[in-house]
Amino acid sequence: MNRSRTGPRMPLIILGLSLAFTVTVADPLMFSLNLPQVSRALSVPPGLVGFLSGAATLVMAAAVLAVGSIADTFGLKRLLMTGLVGVTVVNLFSTLSPGYRYLLVMRFLDGLALAALLGVSFALLKMSVPAEKRPMAIGVFMATEMVLCGVTPAFGGWVVDVAGWRWLFLVTPLLALVSLWLTARYVPEPPVLERRRLDAVGVTLVGLALLAVVIGIATAQNGVLRPQTLVPLAVGAAAAVLFVHHERRTPEPALDLGLFRSRAFSTALAATFTLNFIIGGFGFALGQFGGLVLSLSPQAIGLLFLPGTLLIAGAVVLAGKLISKYTPRPVMTTGLLVMTAGGVLMALTASPTMVLWWLVLATWLCNLGSLTTSTSVSETVLAHAPPEKSGTVASVQQAFGMTGYAFGPTVYLLLFNVFFQKEWLKDAESRGLSVTEAEQALGTARSSMAVGSGGSGYDPNLLRQVSGLKLDVDFTDGLRLTMLTVSVLPLLMAVAVFWLMPRREKPQA
């Protein structure tokens, strides 16, 4: 590729690819935040609300690595444009949803199209930008995504309030069509250096492994030891073992397992799992606490992402410059510590009468840390990607990220249930209620609970009224203990990055 020709077009290339990546974040986020309106309109059964919320993410997690391998074989730009067209068409058809079954199918198809945008957008960035400018380009890429993700939740909530839930499905096509035009006009198609045979067995096994694990994680919210949880997890583990066995013996593997011998590469993947775990769980906590205890509307919760967005964007660009000057190690460590600070702040300040700016600050710190960490992770991963396997390697990062994102809400919910039970039992004891009486009262509150991959919730009125129990206080205390517990994970990951990542020499591009 002629690098000189990409120079003047670089901002437009980065914008087009960043828009494509933003679609993969904004689409599920806007849908989840406005799911109550959609659920009421389509009479979605409570047991399917969470599944409907996580359907697109579920498919993305299962398909992303396979899509990356296909992109390396058939062309990165071609597949990205196909995904953008697919996202646009599926969302337009979603506006016509006559019922929840139809919409569920659309969400599955949407997830498949979104999977084509995840790793491929990063792979095209690697192939379009000189290695010495790549960290800075990644910083701008992530900053653009941050600004857009700060605006789109509030905009989506406004659209639903003004025009109705069906119009929500027109927001994603607007982003996708702009990205499609910029990609088609300015992003060069990297040459396929060697037409490789698609490792169909490998991509099938890894897709099955990821799909089964994510399903197992989602059903774990109803009980860890139930067959509905253990069987998918066992299938996922078996498929993962078969995948590793197959990849070691096939002459053209979908994924070069030798990459994991690099401490920097493996540590970066662990960091991306961690940051997405925290982001996924924090989104659950924010939605439940903000909506059900503080009685914030979906639009108001969306606005929590907006303050400080430009500051985060500037910090992410600065992170790219620091990576270029030094190594990803100090930036990744700092980002993880900032995420820890956000979780601890939430744990220390949450209350039923919480001052809103504390919630804004906790959200800001979590987003700042996640974007900073993601910038350094992306540079580390892309630096290890051979040109002919850029799509596959970039998709590995996204596969780890999507799996972490699926784990987050489930683990948060499991921890919250343990801590919440402890708090309301203590509350009941102080009021002279027996365990049976307290459980009957709580059962009334839990009748509004929808368990699934998207989380659960309690009716805010019941939280305040059931049998005199202060369930809003108990809910908050359970949430605080949950946030404090999970904040240990990014702290431990920061220590691991500090000791395991290269201190002086950067990975070779």
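**Close-up 1. Helices H11 and H15 run roughly antiparallel to each other in this predicted model.** Helix H11 (residues 263-293) and helix H15 (residues 356-383) pack at an angle of about 155°, and their axes lie 9 Å apart; they are therefore roughly antiparallel, a term used for angles over 145 degrees, whereas angles under 35 degrees count as roughly parallel, 65 to 115 as roughly perpendicular and the rest as oblique. Axes are lines fitted to C-alpha atoms, for helices over the stretch in contact, and angles run from 0 to 180 degrees between N-to-C directions. H11 passes H15 in a left-handed crossing, that is, the near helix is turned anticlockwise from the far one by less than a right angle.

**Close-up 2. Gln-288 is a buried residue of helix H11.** The relative accessible area of Gln-288 is 14%, so the residue is classed as buried; buried means under 20% relative accessible area, exposed over 50%, and partly exposed in between (1.4 Å probe, protein chains only). Gln-288 and Leu-479 are 191 residues apart in sequence, yet their C-alpha atoms are 9.5 Å apart in space.

**Close-up 3. Helices H2 and H5 are oblique to each other.** Helix H2 (residues 10-33) packs with helix H5 (residues 76-94) at an angle of about 40°, with an axis-to-axis distance of 11 Å, and the crossing of the two is left-handed. Leu-17, Ala-20, Val-23 and Asp-27 in H2 meet Leu-80, Leu-84, Val-87 and Asn-91 in H5. The residues of this contact divide into six nonpolar, one polar and one charged.

**Close-up 4. Helix H5 also packs with helix H6.** The axes of H5 and H6 (residues 100-128) come within 8 Å and cross at roughly 155°, which makes H5 roughly antiparallel to H6. H5 passes H6 in a left-handed crossing, and the contact comprises 19 nonpolar, five polar and two charged residues.

**Close-up 5. Ser-43 lies in the loop between helices H3 and H4.** Helix H3 (35-42) has Leu-35, Gln-37, Val-38, Ser-39 and Leu-42 as its buried residues, and is followed by Ser-43. Phi of Ser-43 is near 55°, a positive value in a residue other than glycine. At 56% relative accessibility, Ser-43 counts as exposed; beyond it, helix H4 spans residues 46-74.

**Whole protein.** The protein has 20 helices and zero strands, which are DSSP runs (helices H or I, at least four residues; strands E, at least two) numbered from the N terminus. Buried residues make up 58% of the 509 residues.

**Notes.** Residues are numbered from 1 along each chain as its sequence is written. In this predicted model, local features need pLDDT of at least 70 and side-chain atom pairs count only at pLDDT 80 or more, while totals for chains, interfaces and linings use all residues, and side-chain values use heavy atoms, with hydrogens and water left out.

Conventions: Contact means heavy atoms within 4.5 Å. Ala, Val, Leu, Ile, Met, Phe, Trp, Tyr, Cys and Pro count as nonpolar, Asp, Glu, Lys and Arg as charged, and the others, Gly among them, as polar.
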